[in-house]
Amino acid sequence: SKQSFKSYCLVSVSTEPLVSGKPQNFSFTILNNFGETVKNFEVAHEKLMHMILVNKNLEGFQHLHPEYDSATGVFTVKDITFPNDGQYMIYLDFVAQAGGENPDKMVPQMIAEKLVVGNKTNTPVQKLTLDITDTNDTIIKNVDNYKVTLSSHEQTLNQLTRSTQNKLRFIVDDIEGKKINPLEKYLGTYGHLVIIHEETHQYIHAHPLETGASNSMEFDVAFPLEGTYKLFFQFQHDGTVHRTEYGVSVGTGAGIPLPKEAMDHSNH
């Protein structure tokens, strides 16, 4: 299960202030809850560090992989571009030494931080646009030359509920609905699903249930709260990563609450 220690934190060591509209390097270290710079990391999904970046309105999604200097403990994202001034959310997924009393224990971590870019500290709040499901209860999105169909076979997409396991299925075809060659693994799995709550900015990074190479995949997702979420689905085909985005509503529902262990597990 994933633990999120609020005392683990990102500390920027960049000398230049963050600006928008041009590529720049952003460097940081991770401090543990004993104030030590964490230096021992373990590869997870082919990378030492996964960084998800969105603005406060959950736009401008970027999935980045900082370079690491093991001597100094400094991570650097090369040529990161912030589209606009304002507030951003940065999420870091990594596996690192716990430190303190368990110096050798490697623990999955997720930390979330706010970043202010440029001079504008207040980003105008825009409500998330919901994808209203049609009578077939699927949401179809076209991206590049692909058609991505989202459905939930255990309940309808307008009946997603918090604290219960929701099964989300994604099917990738070509833009005309024809079969394509199987998807390729991207960072060790056939799909990535990042989910962020519109108001609290709580974050889930889910991976599909393993079914082997195919263009259909299913995710078990336990939403921690009711409300509106944005889903970012990533897949790889012909060597290129593609992304579709969705606005969905999650209700309280009458489902049976999951045990805490399952809730923790959903955040992997």
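Visitor: In the hairpin of strand 10 and strand 11, which residue takes a positive phi?
Guide: This is a predicted model, in which local features need pLDDT of at least 70 and side-chain atom pairs count only at pLDDT 80 or more, while totals for chains, interfaces and linings use all residues. Residues are numbered from 1 along each chain as its sequence is written, and side-chain values use heavy atoms, with hydrogens and water left out. Strands are DSSP runs (E, at least two residues), numbered from the N terminus, and the hairpin has two residues between its strands. The one with a positive phi, near 55°, is D144.

Visitor: Over how many bridges do strand 10 and strand 11 pair?
Guide: Two strands pair if DSSP finds at least two bridges between them. Strand 10 (residues 139-143) runs antiparallel to strand 11, and V143 stands opposite Y146. The number of bridges is five.

Visitor: Which residue of strand 12 stands opposite T149?
Guide: Strand 11 pairs with strand 12 (residues 166-174) in the antiparallel sense over six bridges. Within this pairing S151 stands opposite R169, and T149 stands opposite I171.

Visitor: Which strands stand at the edges of the open sheet?
Guide: The sheet has four strands in the order 10-11-12-15, with antiparallel pairing. Two of them have a single partner strand each, so one side of each is left without a neighbour in the sheet: these are strand 10 and strand 15 (216-221).

Visitor: How many of the six residues of strand 11 are buried?
Guide: Buried means under 20% relative accessible area, with a 1.4 Å probe and protein chains only. Strand 11 (residues 146-151) is mostly covered, and the number of buried residues is five.

Terms used. Buried < 20%, exposed > 50% of the residue type's maximum accessible area, 1.4 Å probe, protein only.
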